[in-house]
Amino acid sequence: MEVRVVYHDSVKDLVGTNVEVLHLDDSATAASLLSRLSASHPGALSQVGSLQLARGGQTITQDAFLQDGDIIDVSINQQRTA
């Protein structure tokens, strides 16, 4: 399947691009996408504490299955614990 990854915030500066198209296995999850991104950009993404993935404006969990043609937004997780 083909997935378009759109980087936001300082993530786009760290990876050096705004958009990336990836070819993934048909059974890919958000977790496998994160693993792939970490392998593709090891120095850049290791600097980020926590990434947030969203599809269609909705945050997705790591166990969410991806679909062909998905547009996945990647940003820095801004949640703070009290």
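The core holds 21 residues, and Val-5, Leu-24, Leu-33, Leu-37, Leu-53, Ile-72 and Val-74 touch the most other members. I then noted that S1, helix H1 (11-15), H2, helix H3 (42-45) and S5 each supply at least two residues of this core. H2 gives the largest share, four residues.

This is a predicted model, in which local features need pLDDT of at least 70 and side-chain atom pairs count only at pLDDT 80 or more, while totals for chains, interfaces and linings use all residues. I number residues from 1 along each chain as its sequence is written, and side-chain values use heavy atoms, with hydrogens and water left out.

I listed the secondary structure next, as DSSP runs numbered from the N terminus (helices H or I, at least four residues; strands E, at least two). I find three helices and five strands, in the pattern β-α-β-α-α-β-β-β along the sequence.

I traced the sheet, counting two strands as paired if DSSP finds at least two bridges between them. The five strands form an open, mixed sheet in the order S2-S1-S5-S3-S4. Strand S2 (19-23) and S4 are the edges with a single partner strand each, so one side of each has no neighbour in the sheet. Strand S1 (residues 2-7) and S2 run antiparallel and are joined by five bridges; Arg-4 stands opposite Val-21 in S2.

Helix H2 (residues 30-40) lies across S1, S2, S3 and S5, at about 115 degrees to S2. That angle is between N-to-C directions, on a scale from 0 to 180 degrees, of lines fitted to C-alpha atoms, for helices over the stretch in contact. Beyond its neighbours within four places in sequence, Leu-53 has contacts that include Ala-30, Leu-33, Leu-34, Ile-72 and Val-74.

I searched the whole structure for salt bridges (a side-chain nitrogen of Lys or Arg within 4 Å of a carboxyl oxygen of Asp or Glu) and found one. It joins Asp-70 and Arg-55 at 2.8 Å, N to O. Asp-70 is in the loop between strand S4 (58-59) and strand S5 (71-76) and Arg-55 is in strand S3 (residues 51-55), so the pair ties together parts 15 residues apart in sequence.

I looked up burial last (buried under 20% relative accessible area, exposed over 50%, partly exposed in between; 1.4 Å probe, protein chains only). Asp-70 is buried at 9%, and Arg-55 is partly exposed at 25%. Of the 82 residues in the chain, 35% are buried.

Terms used. Contact = heavy atoms within 4.5 Å. Core = buried A, V, L, I, M, F, W, Y, C linked by side-chain atoms within 4.5 Å.
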